[in-house]
Amino acid sequence: MGGLEALEAALLGLLGLLVGSFLNVVIHRLPKMMEMRWAAECAEMTQTDTTEPLADAPKFNLMVPRSRCPHCGHAIQWFENIPLASYMVLGGKCRSCRAPISLRYPGVELLTAALFGWCGWHWGLNWTAVAWCGFSAALVALTFIDWDTTLLPDDITLPLLWAGLCAAALGVIRTSLPDALWGAVAGYLSLWLVYWAFKLITGKEGMGYGDFKLYAALGAWLGWQALIAVILMASVIGAVIGIGIKIFGKLREGGYVPFGPFLAIAGVTAMIVGPASILQLIGL
């Protein structure tokens, strides 16, 4: 790696630390915001003309209220929220009650920084690198949200899909617009057909609509040619991890393992090594 490449990777890696810190907020708060929105919509639909208007709920979004320790309620100060550095200085514990801070927080920051740094090393400081950094950030957030809640929010999957199509149309990424368009169509329809075939045969739902949208978004970014490699890698990783979880008795209620994280891992891998390398890796 040359000096300029190293500098570009370092700058985007630093940006990745900051974005990773924000992604921790997104991962924690976006599902709660969705639940609050659903609850408000249900309450609104069940109101009658004689019902008192619903009381205004406290404002809760990605910006407010200030982050707090889940154990003691201590409001996190700015100097306690510096990506990675604050965690190390605090020894991984809350400054107020000394309760341990989850390793996930610095882990998400480091993962995002690594992906951003790779984009900077591979593409340099340009719009292509910025586009793929956004792609990586969205997949990091979706991975952890789906793993925690089995939700793949439209607030992320749909903008990711449209961003891929726009990036292809503008020539920001190498994927051509026809390949991106048909990648989105094939990605959505293929899992949609699998979903309905499985449901008709078993009477059960094997996956959610969020998986269709995520696969469509991956098709938009990577092109229809990458879809087979992505789904095969996601299936292999999912099977291995699912078997491991079952062996150790860690399956969640209902025995459901979300598929979105494995699609995201395969998508990031395709970005880094290419779909052809994935097929070689799994022996095809």
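Colleague: Leu193 first. Is Leu193 buried or exposed?

Modeller: Bear in mind that this is a predicted model. Leu193 is exposed, because its relative accessible area is 51% and the cut-off for exposed is over 50%.

Colleague: Where is the place of Leu193?

Modeller: Leu193 lies in helix H6. Leu193 also belongs to a nonpolar surface patch, along with Leu181, Trp182, Val185, Leu189, Trp192, Tyr209 and Trp224. Together they have about 790 Å² of accessible area.

Colleague: Which helix gives the most to the nonpolar patch?

Modeller: H6, with six residues.

Colleague: Now the inside. Which residues touch the most other members of the largest nonpolar core?

Modeller: Leu139, Leu160, Trp221 and Leu263, out of 62 residues in that core. H4 supplies the largest share, twelve residues.

Colleague: And what is Leu139 in contact with, leaving aside neighbours within four places in sequence?

Modeller: Leu160, Leu214, Leu218, Ala264, Gly267 and Val268.

Colleague: Switching topic. Is Ala9 buried or exposed?

Modeller: Ala9 is buried, because its relative accessible area is 12% and buried means under 20%. Ala9 is in helix H1.

Colleague: How many Å apart in space are Ala9 and Leu125?

Modeller: C-alpha to C-alpha, 8.3 Å. In sequence, Ala9 and Leu125 are 116 residues apart.

Methods. Residues are numbered from 1 along each chain as its sequence is written. This is a predicted model: local features need pLDDT of at least 70, side-chain atom pairs count only at pLDDT 80 or more; totals for chains, interfaces and linings use all residues. Side-chain values use heavy atoms; hydrogens and water are left out. A nonpolar core is a set of buried Ala, Val, Leu, Ile, Met, Phe, Trp, Tyr and Cys residues joined through side-chain atoms within 4.5 Å. Buried means under 20% relative accessible area, exposed over 50%, partly exposed in between (1.4 Å probe, protein chains only). Helices (H or I, at least four residues) and strands (E, at least two) are DSSP runs, numbered from the N terminus. Contact means heavy atoms within 4.5 Å. Patches are made of residues with over 30% relative accessible area and no salt bridge: like charges are joined within 9 Å, nonpolar side chains (Val, Leu, Ile, Met, Phe, Trp, Tyr) within 5 Å. Accessible areas come from the Shrake-Rupley method with a 1.4 Å probe; for residues, only the protein chains shown count as cover. A salt bridge is a side-chain nitrogen of Lys or Arg within 4 Å of a carboxyl oxygen of Asp or Glu.
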